[in-house]
Amino acid sequence: MTAPTAPTRPISTIALIRGDGIGPELTDAAVRVLDAVAQRAGFALRYVEVDAGADTYRRTGTACSPESLEQLRAADAILKAPVGLPEVRNPDGTEAGVL
């Protein structure tokens with residue numbers, strides 16, 4: 001006779017865009033709150049970090065790659081922190097990296 005299996009907890013995937021400037025700090029705080037809620041409510045969260053925003057634009061020339069967009073589409077939810085840096089600009093002078 002096999003032992004009964006424990007019920008599985010539902011798992012939701014949240015795509016994280018950590019953002020720029022104060023964004024990563026805000027994301028860390030939000031994740032702590034979400035984890036506490038999930039634990040109390042009996043479900044699990046899985047986080048997938050997605051590279052997007054002004055720093056991404058500065059490094060790659062695009063604010064959000066097609067691969068990152070697919071990660072966002074595949075997630076159950078998206079947590080997006082503030083994005084944008086005043087010094088990261090498009091050639092026409094407008095702010096770059098805004099989603």
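**Entry 1: a helix across the sheet**

I began with helix α1, residues 23–41, which lies across β1, β2 and β3. I looked up its direction against β2 and found about 155°. I then turned to helix α3, residues 66–74, which also packs on the sheet. Helix α3 touches β1, β2 and β3. Its direction makes about 145° with that of β1.

I note here that I am reading a predicted model.

**Entry 2: confidence**

The mean pLDDT of the protein chain is 91. I also noted that 91% of its residues reach 70 or more. Then I went through the elements. Confidence is lowest in helix α2, residues 54–60, where the mean is 95. Confidence is highest in β3, at 98.

**Entry 3: the elements in order**

I counted three helices and three strands in the protein chain. Reading from the N terminus, I wrote down the order β-α-β-α-α-β.

**Entry 4: the sheet**

In what order do the three strands stand in the sheet? I found β2-β1-β3. The sheet is open, and its pairing is parallel. β2 (44–49) and β3 (77–80) stand at the edges. Each has a single partner strand, so one side of each is left without a neighbour in the sheet.

Next I took the pairings one by one. Six bridges join β1 to β2. In that pairing, Ile14 stands opposite Tyr47 of β2. Strand β1, residues 11–17, is joined to β3 by four bridges. There, Leu16 has Leu79 of β3 as its bridge partner.

I asked myself how many residues of β1 are buried. I found five of the seven, so β1 is largely enclosed by the rest of the structure.

**Entry 5: Thr27**

I went back to helix α1 and picked Thr27, which is found there. Is Thr27 buried or exposed? Its relative accessibility is 2%, so Thr27 counts as buried, the cut-off being under 20%. I listed its contacts, leaving out residues up to four places away in sequence. They are Leu16, Ile17, Arg18, Leu79 and Ala81. Leu16 and Leu79 were already in my notes as bridge partners. One of its polar atoms lies 3.4 Å from the backbone oxygen of Arg18.

**Entry 6: Leu72**

I moved to helix α3, where Leu72 is found. Leu72 is buried, with a relative accessible area of 11%. Which residues does Leu72 contact, once neighbours within four places in sequence are set aside? I wrote down Ala15, Ile17, Val50, Cys64 and Ile78.

**Entry 7: Thr56 and Ala63**

I then looked at helix α2, where Thr56 is found. Thr56 has a relative accessible area of 4% and is buried. Residues up to four places away aside, Thr56 touches Asp51, Gly61, Thr62 and Ala63.

How far is Ala63 from Gly97 in sequence and in space? I found 34 residues in sequence and 4.6 Å from C-alpha to C-alpha.

**Entry 8: the whole chain**

I ended with the overall figures. The protein chain has 99 residues, of which 30% count as buried. I looked at contacts between residues at least 6 apart in sequence. Of these, 68% join residues at least 24 apart.

The radius of gyration of the protein chain is 17 Å. A compact globule of 99 residues would have one near 13 Å. I also took the spans of the C-alpha trace along its principal axes. They are about 70 × 25 × 15 Å.

Methods: Residues are numbered from 1 along each chain as its sequence is written. This is a predicted model: local features need pLDDT of at least 70, side-chain atom pairs count only at pLDDT 80 or more; totals for chains, interfaces and linings use all residues. Side-chain values use heavy atoms; hydrogens and water are left out. Two strands pair if DSSP finds at least two bridges between them. Helices (H or I, at least four residues) and strands (E, at least two) are DSSP runs, numbered from the N terminus. Contact means heavy atoms within 4.5 Å. Axes are lines fitted to C-alpha atoms, for helices over the stretch in contact, and angles run from 0 to 180 degrees between N-to-C directions. pLDDT is the predictor's confidence in each residue, from 0 to 100. Buried means under 20% relative accessible area, exposed over 50%, partly exposed in between (1.4 Å probe, protein chains only). A polar contact is a pair of N or O atoms within 3.5 Å; within protein, one must be able to donate a hydrogen and the other to accept it, and residues adjacent in sequence count only if both atoms are side-chain atoms. The radius of gyration is taken over C-alpha atoms; the globule rule is 2.2 Å times the number of residues to the power 0.38.
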